[in-house]
Amino acid sequence: LYGWHDQFSAVDEMKYSPDNRYLAVAGHDMYIDIYATGADYAHVARCSGHSATVSHLDWSADSKLLQATDNAYELLYSSPRNGRQVLENQRDTNWQTFTAVVGYSVMGIWESGMDGTDVNAVDRSHSGDYLVASDDHSHVRLLSYPCVVEQAPAKVYNGHSSHVTNVRFSSDDTWVCSVGSRDRAVLQWRTRGIKPGEAPIEE
């Protein structure tokens, strides 16, 4: 695809818009390039403003807005149609996915003593009720969503022997998949919903 020649660095994140009209590509060069999903994937816009590598991308449910976090823990909003930064508060925006590790809806994921590098990834369930988080302490944590209370209560699961670099719900929320770093392990966890006295997910 010729349009991909706009990227001259490693690609860290890619995500299609909910209406399938656009593809957002975040490069190691701190830019997010937007492509129209036609026959030639024409370049539409470039979003700038980040001061570090973009780590996570989310589209709004109406495909009109992007939120992105980077390795400097900035959360920026951009218009995919022209690449311009959007400065208005987006706390009540309906996001198609939520993978940002910073923001109002996930501020409770940070435990006492954690620094900005400890949480590597989060993912909101498609039902909108739960959030999974992976961290540098080999844990997969399950929390309620939105997660807005300080040091929110969580179910903590072990299985990895090193940093857990990514975690995602399956499309029907019946499984969670987590990926380790040095242990080179991919674990699948079956979800069962939170019930009194019963673990919500199992390996």
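This is a predicted model: local features need pLDDT of at least 70, side-chain atom pairs count only at pLDDT 80 or more; totals for chains, interfaces and linings use all residues.
Let me begin at one loop: Pro146 lies between strand 11 (140-144) and strand 12 (155-157). Strands here, like helices, are DSSP runs numbered from the N terminus, a helix being H or I over at least four residues and a strand being E over at least two. The peptide bond that joins Tyr145 and Pro146 is cis, with omega of about 0°. As background, most peptide bonds are trans, and most residues other than glycine have a negative phi.

Residues are numbered from 1 along each chain as its sequence is written, and side-chain values use heavy atoms, with hydrogens and water left out.

Now to the chain as a whole. It contains 16 strands and zero helices. Its radius of gyration is 17 Å, close to the 17 Å that the globule rule gives for 203 residues, so the chain is as compact as a globular protein of that length. That radius is taken over C-alpha atoms, and the rule is 2.2 Å times the number of residues to the power 0.38. Along the principal axes, the C-alpha atoms fill a box of roughly 50 × 35 × 35 Å.

Of the 203 residues, 44% are buried. Buried means under 20% relative accessible area, exposed means over 50%, and partly exposed lies in between, with a 1.4 Å probe and protein chains only. The chain exposes about 10,300 Å², and carbon and sulfur atoms supply 49% of that area; the areas come from the Shrake-Rupley method with a 1.4 Å probe, and for residues only the protein chains shown count as cover. Among contacts with a separation of 6 or more, 41% come from residues 24 or more positions apart, a contact being heavy atoms within 4.5 Å.

Strand 1 (residues 11-16) and strand 2 (residues 22-27) run antiparallel and are joined by five bridges. Two strands count as paired if DSSP finds at least two bridges between them. Within this pair, Met14 stands opposite Val25 of strand 2. The hairpin has five residues between its strands, and one of them, Asn20, takes a positive phi near 60°. Is Asn20 buried or exposed? Its relative accessibility is 51%, so Asn20 counts as exposed. From Asn20 to Asp70 there are 50 residues in sequence and 24 Å in space, C-alpha to C-alpha.

The next region is an open sheet of four strands, in the order 5-6-7-8, with antiparallel pairing. Strand 5 (54-59) and strand 8 (85-86) are at the edges, and each has a single partner strand, so one side of each is left without a neighbour in the sheet. Further in, four bridges connect strand 6 (residues 66-70) with strand 7 (residues 75-78). Ala68 has Leu76 in strand 7 as its bridge partner. Which residue in the loop between strand 6 and strand 7 deserves a look? It is Tyr73, a residue other than glycine with a positive phi near 65°. Tyr73 is partly exposed, with a relative accessible area of 40%.

Finally, I come to strand 10 (residues 130-135), which is mostly covered, with five of its six residues buried. On one hand, strand 10 pairs with strand 9 (residues 119-124) in the antiparallel sense over five bridges, and Ala121 has Ser134 as its bridge partner. The hairpin of strand 9 and strand 10 has five residues between the strands, and Gly128 takes a positive phi near 85° there. On the other hand, strand 10 also pairs with strand 11, again antiparallel and over five bridges.
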